[in-house]
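Subject: Structure handover

Hello,

Here is the structure I said I would pass on.

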Amino acid sequence: MRVAIAGAGAVGRSIAAELVDAGHQVMLIERQSDQFMPETVEQADWVLGDACEVSTLEESDIELCDVVIAATGDDKVNLVVSLLAKTEFAVRRVVARVNNPANEWLFNDAWGVDVAVSTPRMLAAMVEEAVSVGDLVRLMTFRQSQANLVEITLPEETPLAGRPVADLALPRDAALVTILRGERVIVPQPDDPLEAGDELLFVSQSDVEPEIRAALGY
């Protein structure tokens, strides 16, 4: 994919490095000269300019990107970048960083945001996960569809141990997308057996989360 990242601070550079390592073509757009450091991610294309300016986005050929990531430390900037990318340049997928949880309600399709990533929420979710094995933890909300990425860790005494994925009676608006088992990432197949300690990641609508719990025996 071709990915543009607005904001080349520590977060933007880290995302860029990960995407480059994964084989994607990455462009970083940064308006502050002291943050403009092409030597930190040499494989990426670097643009010195303001991503809130249409002229900068035009010169960067932003319309050719598959994904735009608004990753600055300013929520206002991230919203403007998202809106321009979606409405002016028809970028297919826009991901925006939420810095202040109080602003999270703004990061929706009205502002061109397909996926809002709230660092405070994700950190809180990780804390919840660490102390609440067996509880359903909401990790992320996909704004366009209003679906959630949720996680649950099967406890040691789970009755599902040894049973195949096909036995899970999941509701219609929920899908098991990944099983994390130790260092393994498993794309679940119907015959794959579940094990105690498995981390199950689902994409689901909020209103069926109780049914997911019930399907897992909670």
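Predicted model: local features only at pLDDT ≥ 70, side-chain atom pairs only at ≥ 80, totals over all residues.

Strand β1, residues 2-6, pairs with β4 in the parallel sense over 4 bridges. In that pairing, Ala 70 of β4 is the bridge partner of Ala 6. Strand β5, residues 93-98, also pairs with β4 in the parallel sense, again over 4 bridges. There, Val 95 of β5 is the bridge partner of Ile 69.

As for the chain as a whole, its secondary structure comes to 5 helices and 11 strands. The C-alpha trace spans about 60 × 35 × 30 Å along its principal axes. The chain has 218 residues, and buried residues make up 45% of them. Of the contacts with a separation of 6 or more, 53% are between residues 24 or more positions apart.

Next, the pocket. The largest pocket has a volume of about 290 Å³. Its lining consists of 22 residues, and those nearest its centre are Gly 7, Ala 8, Glu 30, Thr 72 and Gly 73. By class, 9 of the lining residues are nonpolar, 8 are polar and 5 are charged. Three elements each supply at least two residues of this lining: α1 (10-21), β2 (25-30) and α3 (75-88). The most comes from α1, which gives 3 residues.

Arg 181 is found in strand β9, residues 174-181, while Asp 198 lies in the loop between β10 (184-186) and β11 (199-205). The two side chains make a polar contact at 2.7 Å. The side chain of Asp 198 also reaches the backbone nitrogen of Glu 195, at 2.8 Å.

Are these two residues buried or exposed? Arg 181 has a relative accessible area of 17%, so it counts as buried, the cut-off being under 20%. Asp 198 is buried too, at 0% relative accessibility.

Their surroundings can be listed, leaving aside neighbours within four places in sequence. On that basis, Arg 181 is in contact with Ile 186, Pro 193, Leu 194, Glu 195 and Asp 198. For Asp 198, the contacts are Ile 152, Thr 153, Leu 154, Ile 179, Leu 180 and Arg 181.

Last, two backbone angles. Most residues other than glycine have a negative phi. Asp 61, however, has a positive phi, near 55°. This residue lies in the loop between α2 (54-59) and β4. With a relative accessible area of 35%, Asp 61 is partly exposed, because that value falls between the 20% and 50% cut-offs.

Ala 90 is the other case, with a positive phi near 55° in a residue that is not glycine. Ala 90 lies in the loop between α3 and β5. Its relative accessible area is 62%, and since exposed means over 50%, Ala 90 counts as exposed.

Regards

Definitions and conventions. Residues numbered from 1 in each chain as written. Heavy atoms only, no water. 1 Å grid on protein atoms, 1.4 Å probe; cavity = no way out; pocket = protein on both sides within 12 Å on 5 of 7 lines; lining within 4 Å. Points joined across faces, edges and corners; volume = space filled by probe spheres on them. Nonpolar A, V, L, I, M, F, W, Y, C, P; charged D, E, K, R; others polar. Buried < 20%, exposed > 50% of the residue type's maximum accessible area, 1.4 Å probe, protein only. Polar contact = N/O pair within 3.5 Å; in protein donor to acceptor, adjacent residues only side chain to side chain. Contact = heavy atoms within 4.5 Å. Pairing = 2+ DSSP bridges.
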